[in-house]
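Hi,

Here is the structure I promised to pass on. Have a look at it first, and then read on for what turned up in its pockets, its cavity and its opening helix.

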Amino acid sequence: MKEPLFLQTQAYDHLINQIKNGTLRPNTIYSLNQMAKEIGVSRTPLRDAVLRLEQERYVDILPSKGFVLHKMTKGDIIETYQIRSAIEFYCFKQLSMNLSTPRGQEYFNKLALKVAQQKKIATTTRCPEEYGRKDYEFHRSVVQYVGNESMLDIYRRFMYRIFWLNVTSFSQEGRMDDTMTEHEQLLTFIETQDIDGLEKLMDHHLAIAQEINLNILDND
């Protein structure tokens with residue numbers, strides 16, 4: 001017989017993967033009973049997994065109904081961009097200062113590839129979700145570069161919020177193209193080791209996205 005903790009972990013990992021790949025959609029109620037059957041576990045380990053996801057603010061539980069993906073609040077938005085600002089600028093700075101190392105070159109090339117992939121989306125499908133995934137991968141890559149597992153764990157726990165805030169902002173006219181330009185400028189500042197330029201651009205890059213999302217929330 002499988003251990004309850006193993007089943008809870010199985011259910012948690014399944015739900016996280018569904019959130020990451022977009023299978024679970026916002027504003028949709030998911031039944032615990034139906035989801036338990038789909039995963040192949042009983043209701044109890046699934047409930048425990050959902051409770052954990054609620055604590056991490058991935059989902060909101062609706063008593064007697066099920067759960068929905070967490071709906072952003074003003075506090076969520078501000079907190080997310082504060083976390084991003086603190087972590088990402090440090091990581092971009094470290095990459096720039098160590099760009100001549102083999103690891104530095106490896107990760108700079110990864111960032112350049114993500115920018116090229118974003119450019120392709122921007123000039124073809126212009127799908128906010130496709131573009132948002134590449135944007136998240138771009139920023140996550142620089143956090144991975146530093147190799148600080150505690151920092152990366154914090155960043156991963158904000159993955160859902162970061163992704164959907166990105167998608168929301170990229171749905172606004174011009175933001176996808178502006179982001180493309182800003183990412184190319186980030187690469188230039190990293191390559192030239194312009195730390196002051198990097199800091200100012202990161203502040204602008206995140207502040208604009210935060211403002212867009214707060215305005216959308218206010219107008220809902």
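This is a predicted model: local features need pLDDT of at least 70, side-chain atom pairs count only at pLDDT 80 or more; totals for chains, interfaces and linings use all residues.

Residues are numbered from 1 along each chain as its sequence is written, and side-chain values use heavy atoms, with hydrogens and water left out.

Pockets first. On a 1 Å grid over the protein atoms alone, a pocket is an open set of points with protein on both sides within 12 Å along at least five of seven lines, a cavity is a set where a 1.4 Å probe fits but cannot get out, and lining residues have an atom within 4 Å of a point. Volumes are the space filled by probe spheres set on the points, which are joined across faces, edges and corners.

The largest pocket holds about 430 Å³. Its lining has 10 nonpolar, 4 polar and 2 charged residues, and H70, K71, M72, T168 and D220 lie nearest its centre. Helix α8 gives the most to that lining, with 4 residues. (Helices are DSSP runs of H or I, at least four residues, and strands runs of E, at least two, numbered from the N terminus.)

The second largest pocket, at about 220 Å³, has a lining of 5 nonpolar, no polar and 7 charged residues. Among them are Y12, I16 and K20, along with R52, R140 and D153.

Y81, D135, H139 and H205 are among the residues lining it.

Now for α1, residues 4-20. Which of its residues are buried? They are L7, Q8, A11, Y12, L15, I16, Q18 and I19, where buried means under 20% relative accessible area with a 1.4 Å probe, protein chains only. Seen down the axis, they fall within an arc of 165°, so they line one face of α1; the arc is that of the directions from the helix axis to the C-beta atoms. Just after α1, G22 takes a positive phi of about 85°.

Cheers

Conventions. Buried means under 20% relative accessible area, exposed over 50%, partly exposed in between (1.4 Å probe, protein chains only). Ala, Val, Leu, Ile, Met, Phe, Trp, Tyr, Cys and Pro count as nonpolar, Asp, Glu, Lys and Arg as charged, and the others, Gly among them, as polar.
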